[in-house]
Amino acid sequence: MAVSKYMKLVARQGLYCKIKLREFSSSSCRLQEVTTPVSSSSEQNAAPVETKEGPQILSRSLKFPVDHTHPRLAWLDSMSSIESKKLGLLDLHPDIFATYPRVDLLHKNVHWQKMYRYINYNFEPSRAEMPGGGRKPWPQKGLGKARAGSIRSPLFIQGAKAFGPRGPINYFFMLPRSQRATGLRVALTCKYTQNDLVIVDNFDIPTADPDFLSEMADVRFWGHSILFVDDSDVMPEKISEAVHQIRGFNLMPAYGLNVFSMLKHETLVLTLAALERIEGKLLEELHTTAVETKYVNKLRPEDFRTRPKVDSTMYKSFTKPLEF
């Protein structure tokens, strides 16, 4: 639908050329070239002239196509030069990049990501764990004072704490799988709507100089914090060296993409392979019929020790030498 629309637009403007339509195969991640002549009504018999300059229209076979709306379009860019070089237009699935903005689910995802790694180590001893306080401070009667049994009572200064924190306490919980997937779709929709989503063919840059990547971000108005997402966790060497030296630029594999990181960075840069993987996974989760099992937290306070156990073997007295 989007391809025919742009073919009519090109023919109306009187551009007599061949538009290379590239059908993207989501399974093999390869681009196949198909040449289609476009000419005006007055020169239909004229031989079309093939031009390789300028952007090309890329048609992707979307999984789970929809009829109630049209695919969203995005430019496919290149990182081979500082200036932006458009390679073509891509079709994006509307269920992933045009969903309803659920701000409540964004908040739930951010809260979940902050709390599942938070551990409260605050600890206050009870009166039984305080040193001293075994003697009764004064007699029960005869002094006109309130009765007291120990100076470590919570009523005394430097006494114990009643109902104090008993750390370490973990606040780990699992957000439902559907809410996590919806949060990712909402975050991707927000990035696309605000023009903060960039799709490139790959992360191959000509040099590992960090100034090249910084100047590219300035020229293309990407902002001061950029998240680069690729399909694999083995990134190209040059972009890895350049990103490592720039504060605010981060690399991430597609399987680690999360709502907190997307909202934290101004611009999200996806490769074509990462786009296919993320879109495919979210569509499978959206149309799945599997029943999610409830998560049971089996973590114990012993799993969150602040320091390892001290080996006190050398401080013990032995009757015979140790055998190793």
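Let's start with Asp218, which sits in helix 5, residues 210–219. Helices here are DSSP runs of H or I with at least four residues, strands are runs of E with at least two, and both are numbered from the N terminus. Asp218 counts as exposed because its relative accessibility is 53%. The cut-offs: buried is under 20% relative accessible area, exposed is over 50%, and partly exposed is in between, with a 1.4 Å probe and protein chains only.

A word on the model. It is a predicted one, where local features need pLDDT of at least 70, side-chain atom pairs count only at pLDDT 80 or more, and totals for chains, interfaces and linings use all residues. Residues are numbered from 1 along each chain as its sequence is written, and side-chain values use heavy atoms, with hydrogens and water left out.

Back to Asp218. It belongs to a surface patch of negative charge, together with Glu83, Asp209, Asp211 and Glu215. Patch members have over 30% relative accessible area and no salt bridge; like charges are joined within 9 Å, and nonpolar side chains (Val, Leu, Ile, Met, Phe, Trp, Tyr) within 5 Å. A salt bridge means a side-chain nitrogen of Lys or Arg within 4 Å of a carboxyl oxygen of Asp or Glu. Lys and Arg count as positive, Asp and Glu as negative; His and the chain ends are not counted. Each charge is placed at NZ of Lys, CZ of Arg, CG of Asp or CD of Glu.

There is a nonpolar patch too. Tyr118, Ile169 and Tyr171 make it up, with about 250 Å² of accessible area together. Areas come from the Shrake-Rupley method with a 1.4 Å probe; for residues, only the protein chains shown count as cover. Tyr171 is in the loop between strand 7 and helix 4. At 33% relative accessibility, Tyr171 is partly exposed.

Now the whole protein. It has 8 helices and 11 strands. Of its 324 residues, 33% are buried. Take the contacts with a separation of 6 or more: 71% of them are between residues 24 or more positions apart. Contact means heavy atoms within 4.5 Å.

Which residues does Asp231 contact, leaving aside neighbours within four places in sequence? They are Ala254, Thr271, Ala273, Ala274 and Arg277. Asp231 lies in the loop between strand 9 (226–230) and helix 6 (237–244). It is partly exposed, at 27% relative accessibility. Asp231 and Ile278 are 47 residues apart in sequence, yet their C-alpha atoms are 8.6 Å apart.

Next, the loop between strand 6 (119–120) and strand 7 (169–170), where we find Pro168. A cis peptide bond joins Gly167 to Pro168, with omega about 0 degrees. Phe163 is in this loop as well. Its phi is positive, about 55 degrees, although it is not a glycine. Phe163 is exposed, at 87% relative accessible area.

Is Ser153 buried or exposed? Buried, because its relative accessibility is 10%. Beyond residues up to four places away, Ser153 touches Arg127, Gly159 and Ala160.

Last, Asn195. Its phi is also positive, near 65 degrees, and again the residue is not glycine. Asn195 lies in the loop between helix 4 (177–193) and strand 8 (197–200). With a relative accessible area of 66%, Asn195 is exposed.
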